[in-house]
Every structure is written in structure tokens, then in C-alpha cells.
Amino acid sequence: MTSAPAELPRKAGDLRAAGYLPRSIKAEIRDNLLTELRAGRDPWPGIVGFTRTVIPQLERALLAGHDVVLLGERGQGKTRLLRTLVGLLDEWTPVIEGAELPEHPLDPITPASRRRAAELGDELPVTWIHRSERYAEKLATPDTSVGDLIGDVDPVKVAEGRSLGDPETIHFGLVPRAHRGIVAINELPDLAERIQVALLNVMEERDIQVRGYTLRLPLDVLLVATANPEDYTNRGRIITPLKDRFGAEVRTHYPLDIDAEVDVIRQEAEFTAEVGEPLLEVLARFVRHLRESTSIDQRSGVSARFAVAAAETIAAAALRRSAITGEEPAVSRPVDLEAVPAVLRGKLEFEPGEEGREIELLEYLLRRSVADTARERFAGLDLSPLANAVADGNLVTTGERVPGRDVLAALPELPVLHDVAARAGVEPDESPGRIAAAVELALEALYLSKRLAKDADNDTTIYGI
């Protein structure tokens, strides 16, 4: 992060003269959001699939000045969405230099800062903080204390001679330290109910209570939180008075179509090898089948992170094959999908009674996903010449130790292979690995439609009659 521009005011008097008057965090966000919308810019970079559903609701809540809770199953991008709120803050914000809290130089709130402001007047020193420092995030856990969120009496300050009733004995927690900023609490229902009670004054009266006495601090924070719908009845719940204080509850969802699911995978995955568009579509359909399956616990949800991890797994399988065979570049092929069920089954919650059938279920849904993708990619394309070539004795062997050039070498020159590659988005002059990935998808489609046989043994798969 760069330092604040040198031309910014450095004293309270200069700040006042330059027009940097106090403005609430909610007014700041409202003004900046309106500026982005009027300019036709996207205020939510990196957020996929929410444009016509979640985003309009969230924008209305922010324009209304509401605290917000995002409600949705795991892996729907709730935390990522909250973190983009930082982009709606001013890039640089003035604060009192040396103050314990980020107070506005023209509107101090702690006794110590008020004394300094009265003593120094226009000479009160000013420093500037970047918007990234105005976002505080806390993962709610059962052991979170009131002191963590609100504050507690600091025994060191008491030992220095201050009395317990002195507000300056308080060590401030996360919420006061986020004054003039955003406080995000992930998995809010996991907070113990007595801890949630501590937030009531913050959200309504905008003050804090510590150890039985009230410190009247006019805190200025935007409180946002995430929750899983099941948390209302299972692990914990958001207490009714706290729910009532949130001005808006916005429901999130998983991507509504295949293209959005693919966009999320492509955006979030860190690929160690090439993964073509057809394989990303397979994984997108795989995740959607899992979310529709009655064998999967849908209350827990199937996170978008599952598809991302699956994509990274097949990329890693391709990279391993590249290292073993020496083929470059490393390109994922349909055979790499076999690595997904065994590696990722632990990321899913299965319904009772499915014990021992987990891998079988995942393999079945993965085959369905491959068939659906191949059917759409090769719709109207006659694959009979390829099936006939294999039936005539041109058996095709593939596997995690078989390079793409060997897959192609097993087949005669067929015009349909160029059509298959084109349908998969591969040019004829591209690497053997990319073309082999398209051909394998066509072979798997023929197998799934019962036009070819397949014999899989350890790390080798043979397509034949």
C-alpha cells in the first residue's frame, strides 16, 4: 500500500479549510455507490452470477443506510461480496494522529481526543488511512468474547493509577476500533447468544457497555454479517432482537446457469496446467447435479469451492502426466476426471444411509456430467466414423501415463477428428495434448451412449469394441 499523497492536509485547520467535513460511513458509501452507478461502472468487481438478483438488493440496502446480513449456504461468495464493500469507501480518510481510535479530526469522540482537540485547536495533527484499513473482519466462533468485539478493562491502565470507572481504562475491541469503517462478522449465529447481546447497543444506540458501565461513544460503523440458513435452528441462531436491528437480510445463491458456474471456476481456480472449456463445463454440471441429488445433504450445500478444487485437481493430474511423459504443454484431458471423486468426497455431506456408496454416487454423477457436456458440444455431429475406426481394430489407450500424441497415433486420419477438435474450441494446428483432450471427450461420449466399450485397469483406459 502506498503512502497518502503529500498534498493532503496535515492539521485540523487546513482540513477544515479544504472542506473535509465529517460524514457518516453510511453516507460515504451511499455517495460513492451512486457515483459508480451514475458513471456506469461496476462497483462489484469479481462478483459473478449476482447481477440481477443479489446485487440490486444489496445496493438498495446500502442506499437506505441499513446494516446487512447475507444469508446463504456455504461457498456462495458471501464473504467475497462483503470484502468488495471496501471499494465503496473513500481512498484516503483523515484521522487524528496518535489517537487510539480512527476519529475524524473535526469530530473526536474519546475523552482523550476531545482534550487534545480543545488544547491544540487548528494545530491538531492529522494523518490519513487507506480504505483497506477501514474494513475489519471477524470469524464468529463460540469462544469469541465481549472483550474481543467490544472491549474490556485494561489492567495495565488500572495499575497506572486510573480508577475502574474511568473510560480511559478500556482496551477497545474490534468494533470500536473500526469506527468510521465496516465491521464484517462471518457466521454470526456461531456467536454465543450473550455475545450477540453485546452488539445490540452498537447497532441501535451506537454506544458500548463494558463491565457494567456505559461509555457514550457515538460509534459510526456499518455492521455486515453472514449466516447459513440452517444456523438459525442447528448450531446456533441469531437472537431475535439482533435480527430486528439489521435493516436488510439478503439471500445469496449458487450460480443460476452453467456459464456463471464456469466463470466462477475460471476466476477462482489457480491452475497448474491447461484446463479446457469443455472440462470446466463438465465440472460445472457435476456441481449442479450434486446440488440436485437427494443423496447429498442440501442443508449443508455444495460449495463453489468444490468445483474450484476439482478443477485444480485435474490440472494437477495433467501436470503430473507432463512430468512423467515429458509432454509439453501440460493439458488436462477427460481421463483426469477420474481423480476427482476419491480426492474430494470429503468436501461433501452425504445423507444418512449413503455410507459406502459415496464414490459410486460421485462417479455416476460425473459420468452424467460428461455425457451432458458431450451431447451439447457434439450436437448434430456424426461420430460414426470415429466409432467405426475403433471398431476396425484401432483401439485407443489413454491414462495418466499416456501422452496426447499416443492417443492420436492410435487413430487413422479422420476428417471427423478436426470437427471434434473445432467443437471443443481447439484449432487443428494446436498441440497434440489439446486435440487429444477433445478426442477423448468424443470417445467417452461414444462409450456412454453404448457405441464403444471401455476397459479401465489401474492407471490405463482402453476404448474398443
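Predicted model: local features only at pLDDT ≥ 70, side-chain atom pairs only at ≥ 80, totals over all residues.
I'll start with E281, which lies in helix α13, residues 277–292. Is E281 buried or exposed? Its relative accessibility is 12%, and the cut-off for buried is under 20%, so E281 counts as buried. Setting aside neighbours within four places in sequence, E281 is in contact with V262, T373 and R377.

Now the protein as a whole. There are 20 helices and 14 strands. The C-alpha trace spans about 95 × 55 × 40 Å along its principal axes. For 465 residues, a compact globule would have a radius of gyration near 23 Å, but this protein has 29 Å. Of the 465 residues, 52% are buried. If we take the contacts with a separation of 6 or more, 75% of them are between residues 24 or more positions apart.

Next, helix α2, residues 25–38. This helix has 14 residues, and from its first C-alpha to its last it reaches 20 Å, close to the 20 Å expected at 1.5 Å a residue. Just after α2 comes G40, with a positive phi of about 75 degrees.

Which residues of α2 are buried? They are I25, K26, A27, E28, I29, N32 and L33. As a reminder, an α-helix has 3.6 residues a turn, so residues three or four places apart point the same way. Within the buried set of α2 you can look at I25, I29, N32 and L33 with that in mind.

The axes of α2 and α3 come within 9 Å and cross at roughly 135 degrees. The two helices are therefore oblique to each other. On the α2 side the contact is made by I29, R30, L33, L34 and L37, and on the α3 side by E59, L62 and L63. By class that contact has six nonpolar residues, no polar ones and two charged.

Then β7, which is where G181 sits. G181 has a relative accessible area of 1%, so this glycine is buried. Which residues does G181 touch, not counting those up to four places away in sequence? The answer is I25, R134, D220, V221 and L222. For a sense of distance across the model, G181 and R405 are 57 Å apart in space, C-alpha to C-alpha, and 224 residues apart in sequence.

Helix α17 is residues 384–391 and helix α20 is residues 432–448; their axes come within 10 Å and cross at roughly 80 degrees. That angle makes α17 roughly perpendicular to α20. Which residues make the contact? From α17 they are L386, A387 and V390, and from α20 they are A442, L443 and L446. The class count here is six nonpolar, no polar and no charged.

To put the two helix pairs side by side: α2 and α3 are oblique, crossing at roughly 135 degrees, while α17 is roughly perpendicular to α20. The contact of α2 with α3 includes two charged residues, whereas the contact of α17 with α20 has no charged residues. That is what I have.

Technical notes:
Residues numbered from 1 in each chain as written. Heavy atoms only, no water. Axes fitted to C-alpha atoms, helices over the stretch in contact; angles between N-to-C directions. Helix = DSSP H or I, 4+ residues; strand = E, 2+ residues; numbered from the N terminus. Parallel < 35°, antiparallel > 145°, perpendicular 65-115°, else oblique. Contact = heavy atoms within 4.5 Å. Nonpolar A, V, L, I, M, F, W, Y, C, P; charged D, E, K, R; others polar. Expected span 1.5 Å × (residues − 1). Buried < 20%, exposed > 50% of the residue type's maximum accessible area, 1.4 Å probe, protein only. Rg over C-alpha atoms; globule rule 2.2 N^0.38 Å.
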